Amino acid sequence: MVTGTILKAVGGFYDVFADGRVIRCRARGKFRKDGIIPVVGDNVEIDPGSSVKEGTIENILPRRNFLGRPAVANVDNLIVIIAAASPEPDLLLTDKLLISAEYKGIQPIIVINKIDLADSGHVAALIDEYRNTGYPCHAISARHNIGLEALAKSIRGITALAGQSGVGKSSVINRLCPKLQLETGDLSVKIQRGRHTTRHVELIMVDEGGMIIDTPGFSQLDLNELLPEQLQVYYPDFKPHIDECRFTGCMHLNEPDCAVKAALAGGEISEGRYSRYARLAKDIITNRRYDQ
Ligand SMILES: Nc1nc2c(ncn2[C@@H]2O[C@H](COP(=O)(O)OP(=O)(O)OP(=O)(O)O)[C@@H](O)[C@H]2O)c(=O)[nH]1
Ligand SMILES: [Mg+2]
Ligand SMILES: [Zn+2]
C-alpha cells in the first residue's frame, strides 16, 4: 500500500501522485456505499496495481479542510491577489477572502500584482496595510515576470488562488504552471467570446514542489454564519491586543478601554483594516437582528 494525493478525477478514474509518479486508479465500491466521494487533494492509500491493471484507492485519509466549489480537499495556501492598479484594489473583498481562508485553516499569501503599473510608494502603502497580519506578501508583475520565482519557491503543498476579476489570477497561474496557458485578458473580450464549458478541477505540479489548483475560484464564507464577536478571531493583526481589552468579549467598536483601538491609535493596526473590520462587524450585527 502506498500513500498519494489525488491530482485529478475524471469519469470514475483518479490520477494519484504517489512514489514520484502518477498512477491511474479506481475507487473501491465501499466509498459509494458510505456516501464518500474522493476529491482532488485527498490523501489516499492505494494499491498501485500493475503495468496492465490500474490501481485501487483503498482509503481516504482524514481531510484537513474541504472547499465546495471547486471540490478540493486539504488546501494549504490561498493566494489572495490584488492589483497595484487596474483594477483598483478591492480591500474589503481582500479582507473577506483572508477571513475565509483563516476560517478554513488555510494559510493566506498576499500577492500584489501589476507593480509595473504603480509607483513604488503606492505598492509600499499596500504592503503596509497588511504588514501586521504577518501574512507573507509578494509584490510581483506577472506580465514582466518579476517576483514569480520567489513566489513559486514559497508555496508548499496545495495552493488556491482568488481575487477580483482582472487582477491577474490566470496570468499568475500561467507563470507558475507554464504548460497550462489559461485564457487571460480583458473582461469585455472574454465575455464576447463566451464562457468556456466547465472544466474539471486539477492539481498542477509546480517545478519547485508545490501544487496549484488550475482554476481560480474559492467560495467565500458567508460572514453571517459567524457570531459578531467571532469575527475578530480571524484577524491576526488584532490578536496580540484583544486580551488587553477591559471587557472580555469586547468587539472593539464602542467599548471603553479597548486595546485594539489603542493599537489603532498607536499605528500597530492599520486604519483601513480596522475600519473595514468595524463595517463587517456592524453588518453581521444588523443581519442577525433581522434574522430573529
Ligand atoms: N500591466 C500588467 N498587466 C497584467 C499583469 N498581469 C496580468 N496583466 C493583465 O491583466 C489582464 C487580466 O489578467 P488575467 O490574468 O486575465 O486576470 P484574472 O484575474 O484571471 O481575471 P478573471 O479571469 O476575469 O477573474 C490581462 O490583460 C493581463 O495581461 C501585470 O503584471 N502587469
Ligand atoms: Mg482568469
Ligand atoms: Zn477591544
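View 1. Helix H5 (169-176) and helix H6 (187-193) each put at least two residues into the shell around ligand 1. H5 gives the largest share, three residues. Keep in mind that this is a predicted model.

**View 2. Who comes nearest to ligand 1.** The ligand has 19 residues around it, and the nearest of them are Asp116, Ser165, Lys169, Ser170 and Ser171. Sort the shell by residue type and you get 10 polar, five charged and four nonpolar residues.

View 3. Zoom in on Ser165, where an N or O atom of the side chain sits 2.6 Å from an oxygen atom of ligand 1. Arg143 also uses its side chain, with an N or O atom 3.1 Å from a ligand oxygen. As for cover, ligand 1 on its own has 650 Å² of accessible area, and the protein covers 86% of that.

**View 4. Stepping back to the domains.** The protein chain splits into three pieces: domain 1 (2-62), domain 2 (72-213) and domain 3 (223-291). Between domain 1 and domain 3, the C-alpha centres are 44 Å apart. To get your bearings again, look for H5 at 169-176 and H6 at 187-193, the helices from the opening view.

Definitions and conventions:
Residues numbered from 1 in each chain as written. Chains lettered and ligands numbered in written order. Predicted model: local features only at pLDDT ≥ 70, side-chain atom pairs only at ≥ 80, totals over all residues. Heavy atoms only, no water. Domains from an automatic or database assignment. Near = heavy atom within 4 Å. Polar contact = N/O pair within 3.5 Å; in protein donor to acceptor, adjacent residues only side chain to side chain. Areas by Shrake-Rupley, 256 points an atom, 1.4 Å probe, with all protein chains shown as cover. Helix = DSSP H or I, 4+ residues; strand = E, 2+ residues; numbered from the N terminus. Nonpolar A, V, L, I, M, F, W, Y, C, P; charged D, E, K, R; others polar.
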